[in-house]
Amino acid sequence: MNYEFKKEINMKKKFAFSLVALASVAVLAACGEVKSGTSNATGNTIGDTIKVGFNFEETGAVAAYGTSEQKGAQLAVDEINAAGGVDGKKIEVVDKDNKSETAEAASVTTNLVTQSKVSVVVGPATSGATAASVANATKAAVPLISPSATQDGLTKGQDYLFIGTFQDSYQGKIISNYVSNKLNAKKVVLYSDNSSDYAKGVAKAFRDSYQGEIVADETFVSGDTDFQAALTKIKDKDFDAIVLPGYYTEAGKIVNQARGMGINKPIIGGDGFNGEEFVQQATAERASNIYFISGFSSTVDVSDKAKAFLEAYRAKYNEEPSTFAALAYDSVYLVANAAKGAKTSVELKDNLAKTQNFEGVTGQTSFDSDHNTVKTAFMMTMNNGKVDAAEVVKP
């Protein structure tokens, strides 16, 4: 597999809800709204080191995302410490695995902020796990930054939550614009994951902005493996493309089965397609005429900082970095920048909220009043299981 494929397709989600099994769907939905947004606590004191907690999906159903982010985050820590740290203080990492489970992510956060006394938490990768974690971080007055949680409204009213990437609605609008103007699709099939708030958010934004005709609006749920019935209904319809909001876990199987049935129209998705497993399940020979959103690419012009990151990541891990590795790498540098002069986790949070035009490997980051950011996005083109083109896109 070529370098661009392994980088851009080597993990994901994000930018999304951590759905580990059908039994967890209700829990994830319940975690979608977080009530406690402010804290009266004084926070944790920053001592001789700056203690940073990692709360990533390092094992379990979406470990592809978490392991990538853990690697990117650790690379940033190693670089910062090698350069002398922050204000002469080294970053001390407390690394814990949330096992791709929302309840575990919440428990890990509690342990990090109350037992380990970290000053900031980086992670989780997914929206569901992030939603489950933020209340415990807030209670302790410790900021939490998710590199890739994308659920719309997740940060609303949350003083201690920061998001390092674009939101679901942003992706839905980009897909709508791309299929209309680039693929000239007048009629589409919308086939989305109805158990994921991530996919539902992308699908809703697409419906709201697409000016063409949606000839079929079908759904599946996390854990499904047989999509023949829905694809049979779709096959005989008149359409120009399939819009497929969902994670690589199901999307790869859908592509495989669709191509096997002779459905060869373009298939377009969000950043949920990022993951080596997508091509493994679709198979390289059937993973063609595929388009998906990503936040990081080396097939277009990149900055000197991004080039240095690519070289350092390859040297350390002997593999290509994914979008999620890059986002986590930037998140740690954002934390380090905010830690300058901070004596407590509360002050670190306040500094993080003031971030404007911070130049990272994924572009510039400026947090708005809700602590969200808009990143540069790329539409990746895949043929024969390999990404062979990327272009800058926007809604």
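## A charged residue to start with

Is Glu 218 buried or exposed? In this predicted model, Glu 218 counts as buried, because its relative accessibility is 17% and the cut-off for buried is under 20%.

Glu 218 also has a partner: its side chain meets that of Lys 233 in a salt bridge, with 3.2 Å from N to O. This pair links distant parts of the chain, since Glu 218 sits in strand E7 (residues 213-220) and Lys 233 in helix H8 (residues 228-235), 15 residues apart.

## The wider picture

So what's going on with pairs like this? Side chains of opposite charge can pair when their charged atoms come close. The structure holds 11 salt bridges, and a couple of others are worth a look.

## A pair across two helices

Take Asp 78 and Lys 316, whose side chains form a salt bridge at 2.9 Å, N to O. Asp 78 belongs to helix H3 (residues 63-82) and Lys 316 to helix H11 (residues 304-317), so this pair ties together parts that are 238 residues apart in sequence.

How open are these two? Asp 78 is partly exposed, at 30% relative accessible area. Lys 316 counts as partly exposed too, with 40% relative accessibility.

Now for Lys 204 and Asp 208, another salt bridge, where the closest N and O atoms are 2.8 Å apart.

Definitions and conventions: Residues are numbered from 1 along each chain as its sequence is written. This is a predicted model: local features need pLDDT of at least 70, side-chain atom pairs count only at pLDDT 80 or more; totals for chains, interfaces and linings use all residues. Side-chain values use heavy atoms; hydrogens and water are left out. A salt bridge is a side-chain nitrogen of Lys or Arg within 4 Å of a carboxyl oxygen of Asp or Glu. Helices (H or I, at least four residues) and strands (E, at least two) are DSSP runs, numbered from the N terminus. Buried means under 20% relative accessible area, exposed over 50%, partly exposed in between (1.4 Å probe, protein chains only).
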